[in-house]
Every structure is written in structure tokens, then in C-alpha cells.
Amino acid sequence: MESAINLQSVLIADLIGAFILVVLLVTRGWSLPTRKEESRIMVVLIVASLFNCGVDLAVFAFDGKPGAICFLIELLGNTYLFLYALIIGVGLIYVVLKHIDHETRGMHMVIYWSMCVIGAVLLLINFVFPAVFEIDENNSYIRGPCYLMFVILGFGLCFYGVIYYIVNKIKTPTLRYFPVYEFIAPVLFGNFIQMRNYGISLLPVSFAISFAAIVISLQNECIYVDKLTGVYNRYELDKVLKVRQFRRKEKIAMLMFDLNDFKTINDKYSHDEGDKALIAFAECLMQVVGNKGIVIRFAGDEFFIFIRKADNVDLEDYKKRVYAKLDEYNANSGKPYKLVTAIGSKIFDLNRDNGNDLLKQVDKLMYADKAEYYKTHDRRKKPTTAAAKIMSEKPA
């Protein structure tokens, strides 16, 4: 037998959810300049959730009250709540997949639209035949035989998002700052409890908590991830080195990279092309290191590969693989320039090496390698941009 409605608990849950959502809107935690589309989706979901809190309270307040107006509120209100639960679930997964892939096409869109169409069709049928829910002669809400279909669709979306995240996290370690399972957990918990106990409302506050977790993670990710290349930034390097200082029984490997003739790419082909070169170089490094270590953009065109537990690491093998990957890129990119890098590398034993001196040592080795490169390459090549050409043609 279904439990009676606890209107006071519904009111408190909806008010808490609305309060969290208003705070997110006012503080603009959802606004991320480098992730504009995700920001737009988030603000739409937050506003829709605020409206949902009001509708949720209304359908519980008018449940069992006589009159045609109450019947209409119950019918339309509960229809919206079911549709909202589906759309908001799809929206959350859309944000997750958009964040991971930076685009949503193909099979993802098929899944989105299939879920929405199935839900919309069931709700349309419900106006004629109470498949999902019904409003009885007393204007009381009663779950229908297809109620569980919406629950299954919601859980399916959640599990799809989590599995997709886990698979991609192996390839992209920076996703650890975007822990999808932490966003999904409140929604799953609220859905499960509400499904088992009619008369309470947890979904509005569950979605509000989920949105707050997403916003916090996106902001946290902005601190440690370089937005141009998608690899870690200097803050992550500082954090990693600080942690390593307290773990003395460990060997670590560090490789430092600096693009040779990078200034020439900027001067001759534009800074936009220089950015593309940095992105391509970072991608090459990520393909080489895989999940064995992390790639860090230190500053400008300087990058690091950092590898823990380096007892059996062959630095020369890593260098050969980087050179081979760059040769492959240069042969297939179609660019008028080539990516060439200087490399400094060393394995450090934290029992003996001073943790504060690691960067200086590997930096010195990298510049020694760069000096060898410029013994046979002119680093003072004149740029041939249109502006430089005009200047050269001016009479003395």
C-alpha cells in the first residue's frame, strides 16, 4: 500500500532544491568562458529545475482535492514532471558527453532522441489511456503500468554516462577532475527512494545537488587543466611535486620538452597556427604516454611528461617514441612547418634527490639538447609574414 503524502517534507525538499538552484544562478558558477555551450545547457537545466520545484509542490498540494481545476493541475503537472525527469536526465548526459568529446553526434544523438521519443509517446498515450499514471475520481495520483519504463529510461541514461566516462578516463586522465559518478549518484539515489516511497519528493533536490557538483567540478577543472591543449597545467605540476616530496620511497621519471623554432611558426604563419601546433604537439605526447603518466603544459611551448614508479622506465625508448610520433605527424599533417622538439629527461630517486631541484635539473638537460639542435639550425630566421615582406620592400 502506498504511503500518504507528507506535504511538509515535500515543501522542505523543494525549497532546499530551489535555494541551491538560485545560488547557482546568482553566483554564475555555471558560466565558463571556455565552455560556452556547456554553460548554456547548464543554465537552461537550472532554470527548468527551478520551475520543476514549483510544479512538484503544486501537484502534491492539490492531490486528492476536488474540482476540475485541481484535476487539470494534477494531469498537466504530473505530465510535466515525468517529461522533465526524462529531459533533465538526457540533458545531464549531454553535458557529460559534450565535455568528454566536445561534440555530440552519431550514436549519442540516436540515443538522446530515442529516449525522448519513447517518453513523449508514452505521455501522449497517457492522455487517452492511463499507461504512465492516472488521476482517479478523487483527483488522486496513481502510478500506471508504464511508470517503471520511465525509471528504467532514467537509470539507463545514468549508467550509459558512467560507463562512457570510465572508458574515456583511461584515455584521458584529466577527466578525474570531472567525476561523472559523483553527479549521477544523487539522481540515482533520489529516484530509487522516491520510487520505493510514494508521498515524498527527492528528485528536485537530487538534481540540484547534481548540478552543484557539476559546477564545482567544472570550476575545479579550470584550475588544473590547460584549456588550449586539454592537458594538465603548471598548477597540477606543483601539486604533483608537492605530494611526491612526502613519498620518498619512489622513483619518478620526468621528460621536459620545448618546441624548436616555435617562434618562427608564430611569426610566419600566425599565432592561431601556433596554437594549433601546440594542440597537435600535446596530442602527440598524450598518445605516447597513454595512461602510464601525465602530460603537463608548463608554459608557452614547454611541456612535461611525468611518470610515477619509474624503476623500469626506459627514457631513451620514450624519446624515440616521441620522435617517431612527431615524424608521423609531420608526414601526414600537410602543414608547411614541422614540429621538432628538444628533450631533457632524467629518473629521480626521491630518497636521494632534492624535490625542489628536479625542474632545474631536467630544464638544464633540455636546453643542452636545444643547443645541439641550433648548432645545425639557424634560430635567427627572418619571418616572412606579409608585414615583414612589406617592411623589407620599403626603400632605405
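Me: Which helix supplies the largest share of the nonpolar patch?

Reply: First, a heads-up: this is a predicted model, where local features need pLDDT of at least 70, side-chain atom pairs count only at pLDDT 80 or more, and totals for chains, interfaces and linings use all residues. Residues are numbered from 1 along each chain as its sequence is written, and side-chain values use heavy atoms, leaving out hydrogens and water. Helices here are DSSP runs of H or I, at least four residues, and strands are E runs of at least two, numbered from the N terminus; the largest share, 5 residues, comes from α4.

Me: Is Leu 76 partly exposed or buried?

Reply: Leu 76 lies in helix α3 and belongs to the nonpolar patch. Buried means under 20% relative accessible area, exposed over 50%, and partly exposed in between (1.4 Å probe, protein chains only). Leu 76 has 45% relative accessibility, so the label is partly exposed.

Me: How many residues of strand β6 are buried?

Reply: Strand β6 covers residues 341–349 and runs antiparallel to β3. Within β6, Ile 343 is the bridge partner of Phe 257. The strand is mostly covered, and of its 9 residues the buried ones number 7.

Definitions and conventions. Two strands pair if DSSP finds at least two bridges between them. Patches are made of residues with over 30% relative accessible area and no salt bridge: like charges are joined within 9 Å, nonpolar side chains (Val, Leu, Ile, Met, Phe, Trp, Tyr) within 5 Å. Accessible areas come from the Shrake-Rupley method with a 1.4 Å probe; for residues, only the protein chains shown count as cover. A salt bridge is a side-chain nitrogen of Lys or Arg within 4 Å of a carboxyl oxygen of Asp or Glu.
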